[in-house]
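Dear colleague,

I am passing on the structure we spoke about, and I would be glad if you could look through it alongside the notes below.

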Amino acid sequence: MNITTALLRILIFPGLLFAVPAAWFFLWTERKAVALMQGRVGPPFMQPFYDFVKLLGKEIPAREGIAGALLRLWPLLAVSSAGGAVALLPVLPAYGGFQGDLILLLALLEMPSVCIIAAGFSSRSVFSEIGSAREAVLSVSYNVVFLLAILSIAASQHTFRLDAIAQLPASPLLWLGIVALLVCLPAKLHINPFSLPNAEQEIYSGPMIEYAGPELAMWELSHGLEWVAATGLVATLAAPHISQAWIAALVFAALSCAIVLLLSIVAAATARIAIDKSVRFYWQCTLAFAVLVLSSAIFVRFRS
Amino acid sequence: MKLWNRLMCTCRRRSPWLFHMNSGSCNGCDIELVAAITPRYDAEQLGVRLEGSPRHADILCITGPVTRNAVGAVKTVYGQVPGPKAVVAIGSCPATTNVFIDSRTLDGPLEKHVPVDVFVPGCPPRPDAIIAGIAQAAAILAERAGNTTAPAAGVSPAPASAEVNL
């Protein structure tokens with residue numbers, strides 16, 4: 001990958017020019033799907049855009065010292081890492097990745113969650129500290145399954161290159177990995193039944209409680225970009241290998257939308273689970289997935 | 001710049017986020033506000049979202065006749081809402097202190113402490129009236145965005161009080 005293609009991917013497709021409208025679209029899809037499931041009409045199509053622009057025009061409360069500077073830093077860090085994660089997705093065939101880009105993608109996907117934890121603790125509010133603690137506990141539990149699933153798929157192919165993994169033919173191992181990833185997505189995106197970190201009826205807005213105006217807009221955007229990156233990762237794994245670029249892009253967009261719809265329907269149909277139950281769910285039930293994926297990866301590797 | 005201002009007006013009108021505050025209300029108006037965001041009335045069509053933190057809000061919805069204990073909290077929360085902001089007084093209590101008038105435990109009505117933009121009278125008001133009041137407050141917010149040049153001297157414009165009748 002040379003500098004031109006890297007810039008094109010960060011700025012145009014699947015980077016900012018595609019990812020930001022896609023993020024707003026996914027946020028709208030989620031709200032609309034929940035509204036339709038509840039028998040409501042729901043927000044208008046442009047709602048996330050209106051919210052974003054309105055937040056940009058609001059005041060920021062005065063903050064001083066290192067803690068204030070840190071509070072300003074976290075949302076920017078979250079947006080840039082989520083945007084970088086989207087740009088790394090191997091959507092188009094023959095895009096030319098680099099060895100180890102899977103590791104970078106996983107690290108960038110994890111950054112927004114780390115930023116949320118840090119932001120909650122640096123805002124010094126009791127409610128955000130509770131939210132951050134929940135986010136930390138949750139991320140420790142779902143990441144076991146999430147990382148094992150992806151790394152098993154990668155290990156069975158002897159590669160850490162994303163495009164090599166995206167071009168895998170469908171196999172039981174791959175599908176098992178995709179199901180394991182889908183189980184982790186609600187926790188990664190903080191939606192029901194694992195919306196504990198920002199549980200608005202219990203701890204107000206959790207880690208976001210002290211944020212206002214443009215900083216809050218950055219958090220909303222980073223949440224939307226997380227949607228694009230996380231669903232995009234599953235979509236690239238699930239998509240069949242297509243050599244034509246524009247068909248591959250269309251299939252990617254359609255698959256992402258389908259995953260967003262699926263997750264929203266699950267979110268609308270479930271209630272929030274308590275933190276101990278959520279952690280138990282990920283450690284006990286889905287550990288079976290992880291063991292299965294890992295053992296089949298070892299099996300595939302010894303057979304090849 | 002003019003285009004940006006017009007866009008900002010639209011966005012402020014279409015995306016009012018609420019923070020609900022009870023200043024000693026009997027809970028009658030509070031359940032009507034909750035009814036306004038249920039599927040039957042569905043205020044989310046107007047972009048309304050009930051937020052958990054006053055820092056996220058544009059419109060402060062206050063119920064209750066403002067008891068002495070609540071005065072400090074009302075002022076604090078009003079200060080925590082970042083500008084531009086609007087205040088909607090829901091029910092007859094914040095407007096006139098209603099049947100609790102002359103009570104020694106009260107320090108109302110609300111307008112003594114914070115500038116109120118829209119009054120929604122009623123005991124309790126219907127959810128439709130509350131939604132209409134919120135829409136009116138959102139329009140006032142948009143108007144404030146439109147003439148950003150006016151309060152350049154640091155003076156906030158006088159509250160354009162309005163009353164909702166349904």
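What follows is a short account of the aromatic contacts, the charges over rings and a nonpolar surface patch.

Please bear in mind that this is a predicted model. A search of the whole structure finds 13 aromatic pairs over all chains. One of the pairs is formed by A:W24 and A:F52, whose rings are tilted, with 5.3 Å from centre to centre and 55° between the planes. Because A:W24 lies in helix 2 (residues 16-37) of chain A and A:F52 in helix 3 (residues 47-56) of chain A, this pair ties together parts that are 28 residues apart in sequence. A:F52 counts as buried, its relative accessibility being 13%, and A:W24 and A:F52 belong with A:F49 and A:Y50 to one aromatic cluster.

For A:Y211 and A:W219, the ring centres are 5.6 Å apart and the planes stand at 80°, so this pair is edge-to-face; A:Y211 and A:W219 are both buried.

As for charges over rings, A:K188 lies over the face of A:F146, at 4.8 Å from the ring centre, while in chain B the charged end of B:R49 sits over the ring of B:W17, 4.1 Å from its centre.

Helix 1 (3-11) and helix 2 of chain A are the elements that give two or more residues to the patch, and helix 1 gives the most, with five residues. A:L8, which lies in helix 1 of chain A, counts as partly exposed at 46% relative accessibility.

With best wishes

Note on methods:
Residues are numbered from 1 along each chain as its sequence is written. Chains are lettered from A and ligands numbered from 1 in the order in which they are written. This is a predicted model: local features need pLDDT of at least 70, side-chain atom pairs count only at pLDDT 80 or more; totals for chains, interfaces and linings use all residues. Side-chain values use heavy atoms; hydrogens and water are left out. Rings of Phe, Tyr and Trp (its six-membered ring) pair if their centres lie within 6.5 Å; planes under 30 degrees apart count as stacked, over 60 as edge-to-face and the rest as tilted. Helices (H or I, at least four residues) and strands (E, at least two) are DSSP runs, numbered from the N terminus. Buried means under 20% relative accessible area, exposed over 50%, partly exposed in between (1.4 Å probe, protein chains only). A charge sits over a ring if NZ of Lys or CZ of Arg is within 6 Å of the ring centre and within 35 degrees of the ring normal.
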